[in-house]
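This report describes one structure, shown below, for a reader who has not seen it before. Please look at the sequence and the model before reading on.

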Amino acid sequence: MADEPAGSGVTDLRSDTVTAPTPGMRAAMAEAVVGDDVYGEDPTVNALQERVAAMFGHEAALFTPTGSMANQIALQLVAPRASELLCDADAHVVTYEIGAAAAIGGISTRTWAAAGAGIDPDAIAAMIRPDGYHAVPTTAIAVEQTHNRGGGGVIPLGTLRRLREICDANGLRLHCDGARVWHAHVAAGVPLIEYGRLFDTLSVCLSKGLGAPVGSLVVGSAKRIDEARVLRKRMGGGMRQAGVLAAAGLYALDHHVDRLAEDHAKAARLAEALAPFGIVAGADSDTVGTSSAVRTNIVALDLGKASMDAPTLGARARERGVLVSVLGPRGARLVTHLDASDEAVDRAAEVLVSLFR
Ligand SMILES: Cc1ncc(COP(=O)(O)O)c(C=O)c1O
């Protein structure tokens, strides 16, 4: 799908990755002190890595160009070749990373039925296969916080703690795809360090909602991150004067984390407007048709009972200047972010309501 030119009056709600760096961020990038990061000599990259590691209470972190690379490096750290990773059927690591766990990591994946953030640790525990001669041994579990396909859902802290216990009891490692862990932190009021201490590895993104143009990090122990540096180089992710990008990340951490609450409020308003049409997905039996399923900046739409399918919605909304992610015949998604103002989101809500009325 072609991108709309900036300033065209179009409201792009396809993803929170569509943001352009703000003037302040661009200034920080222009002024960044840089060095060759493949030699480990970029002071701005090093500062970002140290800062993010500390935020999550881990020893070290490694800057990567993308969240997919951060995830796949982390999976290789926690799941040796020919061992098994458990994750959910909608997880980004098995849905949108083009088979990388198998193709690059030699990792076998087995999934539990997609449930977004509503995971059942004991059902996951029942899937664990012991090391043995006959079966592929389970070595790691991955979860996604917040859950992208799961409508930006936040996995409760208690659920994560239980999963940690299960991993410890079974000698497994636990990875968090934390592309939007910032959103969970802001929505649930859980300190990042609380999340950090539950996982062996995390991947976190600066380019989803935080507004940086590029950049993610793998977070973990010093030993694992030393290994991650080798894996990143092998995957072609060693960058040189990457401080210009890391500077955008540092700026994002200073200026764009707390403000995520504004994006959550915009998503809640969108969901509120669309709730009467029964198309806001992820609601449980008590919340069907209401907006209370929407906790963060993603509004998942289930058009199963709606008057139009998702491609039609996408086309009609586009004609009226609103870009929507079409995820299948009946699935669609709206995502709020830094570059969609309150006014633009409220106008978009009016447009979408007019299409369903
Ligand atoms: C949950 C989640 N994880 C990982 C990624 C991958 O990030 P990237 O596009 O930088 O590879 C995304 C991208 O949107 C995502 O939503």
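Which residue of strand 12 does Val-326 stand opposite? The residue opposite Val-326 is Ala-332.

## Basis of the model

This is a predicted model, in which local features need pLDDT of at least 70, side-chain atom pairs count only at pLDDT 80 or more, and totals for chains, interfaces and linings use all residues. Residues are numbered from 1 along each chain as its sequence is written, and side-chain values use heavy atoms, with hydrogens and water left out.

The average pLDDT (the predictor's confidence in each residue, from 0 to 100) is 94 for the protein, and 95% of the residues score at least 70. Over residues 1-6 pLDDT stays under 50, and the model has seven contacts for them beyond four places in sequence. A contact here means heavy atoms within 4.5 Å.

Helices (H or I, at least four residues) and strands (E, at least two) are DSSP runs, numbered from the N terminus. Three strands form an open sheet in the order 9-12-11, and their pairing is antiparallel. Strand 9 (298-302) and strand 11 (325-326) are at the edges with a single partner strand each, so one side of each has no neighbour in the sheet.

Two strands pair if DSSP finds at least two bridges between them. Strand 11 and strand 12 (residues 331-335) pair in the antiparallel sense over two bridges.

## Around the ligand

Oxygen atoms of the ligand lie 2.8 Å from a backbone N or O atom of Gly-67, 2.8 Å from a side-chain N or O atom of Arg-180, and 2.9 Å from a polar side-chain atom of Lys-208. On its own the ligand has 390 Å² of accessible area (Shrake-Rupley method, 1.4 Å probe), of which the protein covers 83%.

## Backbone details in two loops

The peptide bond from Gln-145 to Thr-146 is cis, with omega near -5°. Thr-146 belongs to the loop between strand 5 (138-144) and helix 7 (157-170).

Ala-82 is not a glycine, yet has a positive phi of about 65°. The loop that holds Ala-82 runs between helix 3 and strand 3 (84-88).

Definitions and conventions: Polar contact = N/O pair within 3.5 Å; in protein donor to acceptor, adjacent residues only side chain to side chain.
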